[in-house]
Amino acid sequence: MKTLVLGAEGMLGRQVVKEFGSGNHSVVAADRAEADIGNLSEVRNLFSSITPEVVIHCAAYTDVDGAERDPERAYRVNAMGTRNVAQCCEEMRARLVHISSDYVFDGTACIPYREFDTPNPLSVYGHSKYQAEWYASRLCRRFVIVRTSWLYGPGGRNFVSAILEKARRGEELKVVDDQLGAPTFTGHLAQALKNIVEADALGIFHVTGQGRCTWFEFAKYILEKRNMDVPVTPVLTPELGQLAPRPSFSLLDNFNMRLEGIPLLPHWRDGLAAHFGE
């Protein structure tokens, strides 16, 4: 199965290339050098040269605060870029697997969000990802939308690497303790994407590490696993003065995966162990 991975140099994209390359997929890795997804002609030329059967769309603008400062860039990459990818997938009759985010929800729920709940993004980033979902589902008949949360892994800056870098430099660690979610290891997510594709499933899926924690609890566990005795101070979100609003409740119920019989990801603690090579 010829599989095109967009955003192949990103944190998730690298794991997807690795995972799909180990099976019966012929993988083509593409990043900005191969095509600017915000340019329809470039995307169409890339697709024409490859004629993919499956497209794993990992390319995105993920700077949440940066999106508030530069909304045009966020919408061009996330929304319009996905529109271009979805349109070309439909023209090629390829299956589209689009990666989305917990930020499409407002975080006011008290039970984990299911795939059938109505999104209500708070930020420019969240709205640009929700608009991307709209294009993916409207322009491509064979689509999969995968919402995930609190993503981390090798090959990219993320919460785990940031905590460890600050701890090694002896910086004061202040971490929010009023946001609840499920950390998700890119290696485990890539395996789930492959399972979804090979199950020939379509529609929306929530795919996250199992369990729940706050960012503060996650930070404490990261340092514990690395045997670093570094103090961490719990704070409330407003104390950090971040530009973009964050959902305080990011738990996603992996409901459709259970219905389809697709294996759920391991617990987030096991994901961190896998990330550290344990």
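Axes here are lines fitted to C-alpha atoms, for helices over the stretch in contact, and angles run from 0 to 180 degrees between N-to-C directions. The model is predicted, so local features need pLDDT of at least 70 and side-chain atom pairs count only at pLDDT 80 or more, while totals for chains, interfaces and linings use all residues. Residues are numbered from 1 along each chain as its sequence is written, and side-chain values use heavy atoms, with hydrogens and water left out.

**View 1. Helices α6 and α8 cross at roughly 60 degrees.** Helix α6 covers residues 159-169 and helix α8 covers residues 215-225. Helices (H or I, at least four residues) and strands (E, at least two) are DSSP runs, numbered from the N terminus. The two axes come within 10 Å. The pair is therefore oblique; angles under 35 degrees count as roughly parallel, over 145 as roughly antiparallel, 65 to 115 as roughly perpendicular and the rest as oblique. The crossing is right-handed, meaning that the near helix is turned clockwise from the far one by less than a right angle. F159, V160, I163, L164 and A167 in α6 meet W215, F218, A219, I222 and L223 in α8; contact means heavy atoms within 4.5 Å. By class, this contact has 10 nonpolar, no polar and no charged residues. Ala, Val, Leu, Ile, Met, Phe, Trp, Tyr, Cys and Pro count as nonpolar, Asp, Glu, Lys and Arg as charged, and the others, Gly among them, as polar.

**View 2. Helices α4 and α5 cross at roughly 15 degrees.** Helix α4 spans residues 71-92, helix α5 residues 124-139, and their axes come within 8 Å. That angle makes α4 roughly parallel to α5. Their crossing is right-handed. Among the α4 residues in contact are Y75, M80, R83 and E90; α5 contributes residues including Y125, K129, Y135 and L139. The contact of α4 with α5 holds 12 nonpolar, 6 polar and 3 charged residues.

**View 3. Cysteines C110 and C213 lie too far apart for a bond.** The structure holds 0 disulfides, a disulfide being a pair of cysteine sulfur atoms within 2.5 Å. The sulfur of C110 is 19 Å from that of C213, its closest cysteine sulfur. C110 is exposed, at 69% relative accessible area. C213 is buried, at 1%. Buried means under 20% relative accessible area, exposed over 50%, partly exposed in between (1.4 Å probe, protein chains only).

**View 4. W150 has a positive phi.** Its phi is about 45 degrees, although W150 is not a glycine. W150 sits in the loop between β5 (143-148) and β6 (151-152). W150 is buried, with a relative accessible area of 8%.
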